[in-house]
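Let's walk through how the two parts of this protein chain sit against each other.

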Amino acid sequence: MNRYFDSLEIRSADERAAALARVLPEQIARAQALPGYGKTLRGFDAARITGPADLAELPVLRKSDLGRAQAEAAPFGGLTTHPVQGFAHVFQSPGPIYEPGGVDHDWWRMGRFLHACGIGPGDIVQNCFSYHLVPAGMIFENGTRAVGAAVLPAGTGQTELQARAAHDLGVTTYAGTPDYLKVILDKADEMGLPLKIAKAAVGGGALFPSLRAEYADRGITCLQCYATADLGNIAYESAAQEGMIVDEGVIVEIVTPGTGNPVAPGEVGEVVVTTLNPDYPLIRFATGDLSAVMDGDSPCGRTNMRIRGWMGRADQTTKIKGMFVRPEQVAALVARHDTITRARVIASREGEADVMTVRIEALGGDPDCYAGTVAEMLKLKGRIEIVPPGSLPNDGKVIEDLRSYD
C-alpha cells in the first residue's frame with residue numbers, strides 16, 4: 001500500500017500555492033456565474049483571488065444564508081453548477097437544508113482520510129453512518145470505494161445484528177461516530193463473538209482521549225476526520241495523531257467569530273472553508289466551528305496546513321450523539337407548549353456515551369408529556385427534567401456543553 005493517497009499530499013508550499021493560483025480564480029468565476037451568489041460576489045475581480053489571503057476580501061457565506069437561498073430557489077439555492085437531476089443523490093439536513101451528492105471518484109474527498117487510516121483493498125468496512133436522508137453514510141461509502149475496500153452498509157441501530165455481521169463477515173474496519181463502536185464491541189463481548197476490527201475511521205462527534213485509549217487497548221487504531229454535509233471532508237488525522245491535516249480540495253481560514261477577518265496565526269477562531277468542488281462551489285462557508293492553525297508539517301510527511309481539530313462552536317450550536325442541536329430548535333420547543341417558560345439543553349457524558357438532558361421550566365407536570373415534542377424539535381431523545389419557573393440560570397445560554405475535551 002502506498003504511503004500517501006496521491007502526490008498532492010506531499011507538495012512543497014510553492015507547488016501548492018502555484019496550483020491554487022490557477023484553480024482558485026476559476027472557482028471564484030464559476031461561483032460568480034451562479035444566481036445564488038447574486039450580488040454578494042458581483043464586482044470582485046476573480047483573476048485577483050489567487051490565494052487564501054485574497055479570500056478575505058470576499059463576504060462570508062453562512063448556513064442561514066443557505067436556508068434563505070434555498071427558500072427562494074429550491075432545492076440548492078442556485079449555488080450548484082448542475083440542476084438537481086444532474087446529481088446522483090440529494091440529502092436533507094436539519095433546517096431543513098438540502099445538499100447535493102455525487103458518486104464520481106472520491107467526490108466527497110473522504111478517500112484521502114481512509115487511506116491515512118491504512119484502509120484499502122482487502123478490508124471490509126462496516127459503515128455505521130446513517131444512510132437515511134443525511135449524507136454521512138454515502139460520504140464514507142464513496143471514500144471506501146476510492147480506496148478499494150468492501151462496504152457493509154450497516155447504518156445505525158440494531159446493535160445485535162451489527163455485532164453478528166461483524167463477526168460473520170470478518171469485518172476489519174469500523175466507520176461511524178466515535179462512541180458507537182464501543183456499543184458494538186461490548187455487544188459482541190456479551191454474545192461471545194470475537195471480532196477482527198483493527199481500524200476505525202470516525203467522525204460526527206468528539207473522539208475523547210479515554211475512548212481512543214480504550215480502543216487502542218483492544219488493538220484498534222482509531223483516527224478521526226472533520227467533515228460536514230455541505231463541504232465533505234475538511235481535515236483529517238494521520239497515524240502521527242498530531243492535529244488534523246487540511247484536505248487538498250479545500251482552503252481553510254480561521255477568522256474572528258461572526259466576521260470574515262482572519263485571526264493571528266495560532267489564535268482560536270471560526271473555521272471558514274472554500275471548496276474547490278466545481279459542482280458545488282461554496283466560497284468562504286462559515287462552519288460555526290472553532291479551531292486554530294498549528295505550526296509546521298505533520299511528522300507523517302504530509303505538508304498541507306494543520307489545524308488543532310474541533311475546539312467547540314462559535315455559537316451555542318452543539319453536536320450531541322453525532323447530531324447538531326441549535327438554539328433555534330430549543331426556541332421552537334419552548335414555543336410549542338404554553339406551559340413552558342424556558343428550556344435548556346445540557347450535553348454531558350456517562351461512561352463513553354453522550355447524554356442529552358433537557359431542563360424545562362414549567363409549573364410541574366409529567367416529563368413524559370414533553371418527550372414527543374423534544375424528539376420532534378431536537379431530533380434526539382433525551383432525559384427531561386421539569387424545574388420551577390425562574391430556576392434556570394439567566395446567562396443567555398439555551399445549550400450548555402459539560403463535556404471535557406482534554
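The protein chain splits into domain 1, covering 13-313, and domain 2, covering 318-401; those bounds come from an automatic or database domain assignment. Keep in mind that this is a predicted model, where local features need pLDDT of at least 70, side-chain atom pairs count only at pLDDT 80 or more, and totals for chains, interfaces and linings use all residues. Numbering runs from 1 along each chain as its sequence is written, and side-chain values use heavy atoms, with hydrogens and water left out.

Where they touch, domain 1 puts in 12 residues and domain 2 puts in 10 (contact means heavy atoms within 4.5 Å).

Together they bury about 1,000 Å², with carbon and sulfur atoms giving 56% of that. Buried area here is the accessible area, with a 1.4 Å probe, that two parts lose on being put together, summed over both. On the domain 1 side, look for Pro94, Asp179 and Arg313: they lose the most area to domain 2, together 40% of what that side buries.

Asp179 turns up again in a salt bridge, its side chain meeting that of Arg349 at 3.7 Å, N to O. The rule (a side-chain nitrogen of Lys or Arg within 4 Å of a carboxyl oxygen of Asp or Glu) finds one salt bridge across the interface of domain 1 and domain 2.
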